[in-house]
Amino acid sequence: MNNFNYILPKTIKEANQFAKDKTGSILYAGGTDALDMIKHDIIAPENVINLKTIPNMDKIRTSPEHGLGIGALVKIADIAESKYVIENYPVLAQAAKEVASPQLRNMGTIGGNICQRPRCWYFREDFDCLRKDGGTCYAYDGENKYHCIIGGGPCYIVHPSDMAVALLALDAHVIIHFDKGERTIPISEFFILPEDYYLKENILKPGEIITEIIVPPLNENVKSGYVKFKERGAWDFAVVSVGAVVKIKNGKIDEARVALGGVAPKPWMEEEFNNKLIGADKASIKNVMNVLLKDAEPLTKNEYKITLARNLTEQLLIDFIG
C-alpha cells in the first residue's frame, strides 16, 4: 500500500474544492471498495478524502408526499432494516439485504455502493487491461462467464451494484454537489457505457460528490421486488439480478419498470420490454419474455444469462400478479 495524505474536510464545499484541486485524490466513505483497491495496488491515491466527517449526509428522510431521501453516507444495513423502506419500497430493502455480508452492509454506504468499481478479475488482478488504460479487454477472448451480454465493447464489465438496479427500477434521482452548487439527475443518466468512456463507470467529474438519492413516492396498487441469482449463498455479486416496480390493475400489468443487473456495464433497462408488459396477465407474460434482451450479444461463455434473466423476470412478475 502506498503512503497517502488522509484528509478530513468539515464541509461538503471543502471536500469539493480539495478533490477538484488536488489530482490523485479519491473519496472515502465506508471504504469497503476503496481500501481493497488501494491494498491490491489497483489505485495509488496521493490523497484520501474522508467524507464521514461531513455532517447531515447519513440520514434517511421520509415523506408520503415527496418520497424518500437517502443521504449518500447512509449504511446499506440501515436501508435494509428501515421499517419505512421495507413497507413502502420493498425492492430497495430486498436489494440492500442482498449486498455482500452483514459486516460489509454495516460499513458500506449507498453512495459508495453505486459508485463501486467493476469486479472483473482482469481489472482486479495483475493485468494491464483496457479499463486500466491498457490496450486489451482480456475478457473478450478469455474467461467471460460472468461478463456482460449487452452494452459491452470495447470493455465487457458488468456493473456490480445491487442498489443501483433497485434505484433504476424506482426511477430515483441523484443529487450531485460541486464547488459552484449542485445538480439533480435521473439515475438512468448517472452511469455510462464503455463505448462512451471506458475508464469510468459514471459521469462524476473531479470534485463532484453525491450527497443524496431521491426516490419518488409510489402510487397505489404498485408492487415491487428484487431477485438475485448468485453462485454462493453469501457475499457474492449477482450473476443476474432483477428489480421491478409494477402497477397491477384488474389482474393485468398497467405500468412496469423492470431493471436488470449482471448483464451490462451499467444497470440495464429496456423501454420496449417495459411497454410490451402493459396489458399482460399471468397467462400472457411468457409471450413477452422473448423481447427482453433480444439484442444481446453474449460472449463465448455467458449466453446462459439471457435465459436466466428472462426466467427470473417472468417469475417475479407472475408473483406480483398473484
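This is a predicted model: local features need pLDDT of at least 70, side-chain atom pairs count only at pLDDT 80 or more; totals for chains, interfaces and linings use all residues.
Local features need pLDDT of at least 70, side-chain atom pairs count only at pLDDT 80 or more, and totals for chains, interfaces and linings use all residues. Residues are numbered from 1 along each chain as its sequence is written, and side-chain values use heavy atoms, without hydrogens and water.

**View 1. Packing of helix α5 (residues 90-97) with helix α9 (residues 162-169).** The two axes (lines fitted to C-alpha atoms over the stretch in contact, with angles from 0 to 180 degrees between N-to-C directions) come within 8 Å and cross at roughly 170°. Helix α5 is therefore roughly antiparallel to α9 (an angle over 145 degrees). Val91, Leu92, Ala95 and Ala96 of α5 are in contact (heavy atoms within 4.5 Å) with Asp162, Met163, Ala166 and Leu167 of α9.

**View 2. The largest nonpolar core.** This core (buried Ala, Val, Leu, Ile, Met, Phe, Trp, Tyr and Cys residues joined through side-chain atoms within 4.5 Å; buried means under 20% relative accessible area with a 1.4 Å probe, protein chains only) has 52 residues. Helix α9 gives the largest share, seven residues. Leu167 contacts Leu92, Ile110, Ile114, Ala172, Ile187, Ile213 and Val215, leaving aside neighbours within four places in sequence.

**View 3. Helix α12 (residues 304-321).** Buried residues of α12 include Leu308, Leu312 and Phe320, and the buried residues pack against β9, β10, β11, α10 and α11. Glycine 322, with a positive phi near 80°, follows α12.

Conventions: Helices (H or I, at least four residues) and strands (E, at least two) are DSSP runs, numbered from the N terminus. Angles under 35 degrees count as roughly parallel, over 145 as roughly antiparallel, 65 to 115 as roughly perpendicular and the rest as oblique. Buried means under 20% relative accessible area, exposed over 50%, partly exposed in between (1.4 Å probe, protein chains only). The expected span of a helix is 1.5 Å times one less than its number of residues.
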